[in-house]
Structures are given as structure tokens and as C-alpha cells.
Amino acid sequence: MSSHTCPNCGSEVGGPYCGNCGQPSRDIRQPITHFAREIVSEYFGLDGKLLRSIGPLLFLPGKLTIEYLNGRVQRYVRPVRLYLTASLLFFFLVAVLDPVSSVERAWGDQHTLLGIDSLRTTVQQETARRISEADSLADAPGTTNIDLATGNLASGRDSVRNGSPTFSIDLGDEEKTQRIAAMTDAERTQWLLEILGRFLGNLPKLMFVMLPVFALLLKLVYVRSKRFYGEHLVFTLHVHAFIFVNFTLLGLLTFAPAESGWTKATNSVLSVGIPIYVFLAQKRVYEQGWFKTGIKFALIMLAYSIAMLIIFGLAASAMLVLGA
């Protein structure tokens, strides 16, 4: 075969790429270092485009979306690839931090799980009022109440009197409920931790499901803008890429000294950075006034939070039922 013939489509090649199918005309036989560089570049975006993209992504809200919609596509990392790279780095960090083990340690402590001290204080303030309603909180058939402080079973009355935060699991199956009731406290705790681990393992998929939801909310709120749904989706991918980068930086702060003033200041900035960034990006891309943008931002965030609670709640419930 001629060196000037594309092995993929058979067309004549007059440069580094085939003008017909776009395949590079380089030799396929390459050393392993070449393939390693290609994999890193392909899946992590670690090339010149990333260096040009990271600055606008972090410090110029909405800039990448405007550039993409204006046709400057090749200059920066594509929206989907940027999102996947940012989310991959974040979930890799989550795997390293191993939050399930942290929860297990906190559960064993019976003090810090899910901020249990502050939750307990809040709940105890309501104890006097709720104690008179304890009868209505008695266990219903097919429902299991689990004390968040210990992972143990607790009746509705006991949880009220003790001021212990609980959640109810309606398994819809008396046999499964009895099986959970027959578990030892250690077995029940392990079961809940396995469900938590399964939920965290599915979190990347759940977040990916939320992308079209966010884009749909933008489409509804900006229906008069005549923008295509795909344009809203590009904005959504860029915004969520920033969110994952922000979460990654917050996760990395766990390795820094917690008492450090610099750590506390950085944590505070990153914590408030997401809503500010999304608002400024929305203002820049959709080019409306501050007041209109503020109202639409609030509506989108409220609807998105509700949608996330519903979808995550359904997913968690399904995992509890299937795992019972």
C-alpha cells in the first residue's frame, strides 16, 4: 500500500490527516510511551486545549460556553470531554477519601454521623411538642425506623422520647421488614453501609442524569430566547464541570491542616463559589439584567434542588428495597 494512501478509506493523503475521513496518516506502530501519552490526552484532556480551557473555566464564568456557541470549537476542550474529565477526577478523589469508611468510624463513635450532635440538639427542642404525638409515630406495618445515631431499630415512640433522628424505610414487603428486624445491630449497620457504598458508586450516573434536567429547566426559563436545547446543554456541561472542579478542590482541602486560617478561608471561598459562579455564568451567557437573571437563577436552583432530591431519593429507596 502506498504511503500516500489512507489505510482507512483508500483516499489519497496529502498531509498529516486524510482529507476524506480525517484519520491521521502516522504509522500505527508506535512505542508504548506514545500510547500512554495518547490515553492521557484522550481521557484526561491533558493537552494544550486543557491549558487554554482551565483559565476561562475557573475564572471567567460563561466564557467557554460563549466561545463554543460562537463557533470556536477546536480551541478549547469539548464540553462533554471537559465534564467527564472533571467528574472523573472528583470521583477518583472520592474513592481515595473513602467516605464509607469515614461514616463507619463516625457510626461507631455514635456522635458525629451526619452532624448528629447538631441534629440531636435541633430535634430535642421539638421533643416536648412531639411527645404528645408519639402514638401517631408508632411503627406502621411494613415500615422500619432506624436510629441514625446508632444504626439500631427504634420505634416511633422511642425516637421521640430519646430525641434521636431516625428515618423510616417502607420496604413494601413484610418479609423483608422482618428480616431486617431479625438482624443484629452490627449486621444492620453493615447493611446500611453497603447501601451507602452502592449509592456512592452510582452517584456519577445519577449526576449524569441530572444534566438534561438542568438543561431542560434552562430551556423552560429562557423559552423566549429561541435557543436550542443543545445550547442550554453546552452551558450545563460547562457549569457542572466547574462544580466538580470546585468539589475536587474542597476534597483536597481535607488533606490540609483543619485549624489553619488559610484552609478555613479557602474552604469558605470555595463553598460560596458555586452559586456565585453559576449566577455570573448565567448572566454572561443569556445577557439579561441582574434582576431578571437573579429571579431565573433562583427558580432554576429551587426546581433543580427539588428534582435532585426526588431522583436521588428514588434511587436510594430502590437500593434499600433491592438490598433488603
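Modeller: Gladly. Let us start with two elements: helix 4 (79–97) and helix 11 (229–252) each supply at least two residues of a nonpolar patch. Helices here are DSSP runs of H or I with at least four residues, strands are runs of E with at least two, and both are numbered from the N terminus. This is a predicted model, where local features need pLDDT of at least 70 and side-chain atom pairs count only at pLDDT 80 or more, while totals for chains, interfaces and linings use all residues. Residues are numbered from 1 along each chain as its sequence is written, and side-chain values use heavy atoms, with hydrogens and water left out.

Biologist: Which residues form the nonpolar patch on the surface?

Modeller: They are Phe-92, Val-96, Leu-97, Leu-249, Leu-252 and Phe-255, with about 580 Å² of accessible area together. Helix 4 gives the largest share, three residues.

Biologist: Why does Leu-249 count as partly exposed?

Modeller: Leu-249, which lies in helix 11, has 38% relative accessibility, so it counts as partly exposed. Buried means under 20% relative accessible area, exposed means over 50%, and partly exposed is in between (1.4 Å probe, protein chains only).

Biologist: Why is His-232 called buried?

Modeller: His-232 is also found in helix 11. Its relative accessible area is 0%, so His-232 is buried.

Biologist: Which residues is His-232 in contact with, leaving aside its neighbours within four places in sequence?

Modeller: Contact means heavy atoms within 4.5 Å. His-232 touches Ala-215, Leu-218, Lys-219, Tyr-222, Ser-225, Arg-227 and Tyr-286 in that sense. Across the protein, buried residues make up 35% of the 324 residues.

Biologist: Where is confidence lowest, and where is it highest?

Modeller: The score is pLDDT, the predictor's confidence in each residue, from 0 to 100. Helix 8 (residues 156–162) is lowest at a mean of 45, and helix 3 (residues 63–69) is highest at 95. The mean for the protein is 76, and 64% of its residues reach 70 or more.

Definitions and conventions:
Patch = residues over 30% accessible without salt bridge, like charges linked within 9 Å, V, L, I, M, F, W, Y side chains within 5 Å. Areas by Shrake-Rupley, 256 points an atom, 1.4 Å probe, with all protein chains shown as cover. Salt bridge = Lys/Arg side-chain N within 4 Å of Asp/Glu carboxyl O.
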